[in-house]
Amino acid sequence: MAGVTDEELKQMTQEERVTALGMRTEQLTGKSLYVEFDPDAEERFTYPWAPDVDFNKRTELDTDKMTTTEVNSRIRELMREGYGTIVLQNPRGKHSLGVGILSKLNLIIEGSTGYFGVGLIDGPNVRITGRVGWSCAENMMAGTVVIEKNAGSTFGAAMRGGDLVCKGSVGSRTGIDQKGGTIIVGGDTGALSGFMMQRGRMVVCGNAGKNLGDSMYDGTIYVGGEIRSLGVDAVTAELTDLDKKWLKRKLTQYGLMPEKGVDHFTKVVAGKQLWNYDNLEPTEKKLIL
Amino acid sequence: MCGIAGLIHKGKSANVGSEMTAMLQALKHRGPDSTGYAVYGEPKEGEFIMRLKVAEAEDRARGHSVHKLIADRIASVDEILAEHDVTVKSKDAATEYALRYVLSDIDDTGKLAERIEETDGVEILSFGNGLELIKDLGDATVVSNQYGLNEFKGTHGIGHTRMATESDVDIKSAHPYWAFPYNDVSVVHNGQITNYWIMRRQMERKGHRFMSNCDSELLAVYTAHNLANGVSLEDSLRQSIEEIDGVFTYLVATKDQLGMAKDTMAAKPLVLYESDDLIAMASEEVAIRAILPQEIDTTDPYDEEVRVWQA
């Protein structure tokens, strides 16, 4: 983003901003514009309607007798009142808790959540002391989510940015259709993890199930344990010094650094040998088929 | 998107009826059409419990004559029992069309079951020493109150909340399925079986009967066939992952065991809680939390995983 100041960016229209940032000229919206190009700008970014919260202002919410809708509405009310740290108690496996939070917030969930927990978030730091169900942090755009126990299947599906960390083991199809960001799993992951992955990084400290990285377009998967089998077009690649440095930094950050270091990790990337990577014109393909 | 649940207490009897009701009620959103239970009480030597239904939703279209039809069918069942010199220790009817018999002095339960089902409109829901299979339209609370399940004590049970997708909303398509004619074996299933018709024809050629067009019934018949041929429950579950196509997670209960199997894609959910004295599993954690409100550790079984627990 050399040569363009924040002030100048503010004056520009959306289209001008995209061009100035060196991205495609198609109309894009949202924070993803900043995430790829300037981490500092990402830090400073807030949606115009985002409530001004104070992280030192903390409150607790007993969700035992509340419905999911009531809990999520109450979180928004508390944020408007300026609370920057919200603790949810007794979630008892409720679905869709903390979804769609698009601004900065420290959300602590003391217990386990059900399906679609903290999906579609863009910015909050979430800590869950229990387990999460299927599709946790689906379509997550920014922020961090740290889960202390296990997670269900389709963990971080279609994730676009931020850090999603599960210290235990996760189910199948982890990071399916991942488009960005980082998924870190302290334990094992199930079958078809990284299926159709498009961008981003996934780290599995334990073992990976069958068909890892099946039909992945791009992105990188690092596995510390054994891989039961690689999926179609997924290939192993050399673990470079840059990879090791990045792995060390990320795993240390979340307290998941293995005792024996990161040299034993296997790196999996897209082989890009599938038909969609060839340079044939559609008419030529027809002739071949 | 059906919901399944199961629990097994190790070495002791507990309030399985109310526990299953709490779990299934928490899964109501996964299937509000019908609810079913297969719960296992203390077996009594020489005593058999037979649960059957004598009418279906379509029979109601017959108007007032349905009452006579029901009475005739029950009379026919009683006649068959008398023919076979079976002692009827008790006979209760929770609803007009659902009956529970306690029987003794039976030579061959399989043959008797086959004979009873020759009566048009009569379907045996379960037969066994400990198994009581109850299923009806409505959510768990409705069915539990209707059949007085809140007081039921036993060691283990499985249950199902059904969202009808490929067959009708009626009792014959509701789960669990009894593995006819194998005593005390029941099955609940979440998923779709894609080679249902091929497998069903194979089973029919081997002489097994199907009472509905519901793909889940195949799992009950398949399990019954394997168990009758001396295959262990665990081996039958493993074999099913190879032989049955589709997406499925299913639970099987026998007199003293509870087993689970998950397909090769792990496409259907199951959350598992294990402790020294209780094992509980359900499609969603919220069901397990309905009976265990304290903080617990749960896991997701992986693809092709098979587990069997002993009561």
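**Helix pair, chain B.** I looked up helix α5 (residues 196-205) and helix α6 (residues 215-228) of chain B in this predicted model. Their axes come within 10 Å and cross at roughly 40°; axes are lines fitted to C-alpha atoms, for helices over the stretch in contact, with angles from 0 to 180 degrees between N-to-C directions. The crossing of α5(B) past α6(B) is left-handed, meaning that the near helix is turned anticlockwise from the far one by less than a right angle.

I then listed the contact, taking residues whose C-beta atoms, placed from the backbone, lie within 7 Å. From α5(B) I have B:Tyr196, B:Met199, B:Arg200 and B:Met203, and from α6(B) B:Asp215, B:Leu218, B:Val221, B:Tyr222 and B:His225. I sort the residues of this contact into six nonpolar, one polar and two charged.

**Conventions.** I number residues from 1 along each chain as its sequence is written, and chains are lettered from A and ligands numbered from 1 in the order in which they are written. For this predicted model, local features need pLDDT of at least 70 and side-chain atom pairs count only at pLDDT 80 or more, while totals for chains, interfaces and linings use all residues. Helices (H or I, at least four residues) and strands (E, at least two) are DSSP runs, numbered from the N terminus.

**Sheet, chain B.** I find four strands in an open antiparallel sheet, in the order β4-β5-β3-β6; strands pair if DSSP finds at least two bridges between them. The edge strands are β4 (87-95) and β6 (123-128), each pairing on one side only. The twist averages 20° from one strand to the next. β4(B) and β5 (residues 98-104) pair over seven bridges, and B:Thr87 has B:Ser104 as its bridge partner in β5(B).

**Backbone exceptions.** Most residues other than glycine have a negative phi, and most peptide bonds are trans. I noted a cis bond joining B:His175 and B:Pro176, with omega about -5°; B:Pro176 is in the loop between β8 (156-162) and β9 (177-178) of chain B. The bond from B:Phe180 to B:Pro181 is also cis, omega near -5°, and B:Pro181 is in the loop between β9 and β10 (186-193) of chain B.

In chain A I checked A:Ser96, with phi near 55°, in the loop between β2 (83-89) and β3 (106-110). A:Ser96 has 20 C-beta neighbours inside 10 Å and so counts as buried (20 or more is buried, 12 or fewer exposed, in between partly exposed). A:Leu120 has phi near 60°, and with 18 such neighbours counts as partly exposed.

Note on methods: Contact = placed C-beta atoms within 7 Å. Nonpolar A, V, L, I, M, F, W, Y, C, P; charged D, E, K, R; others polar.
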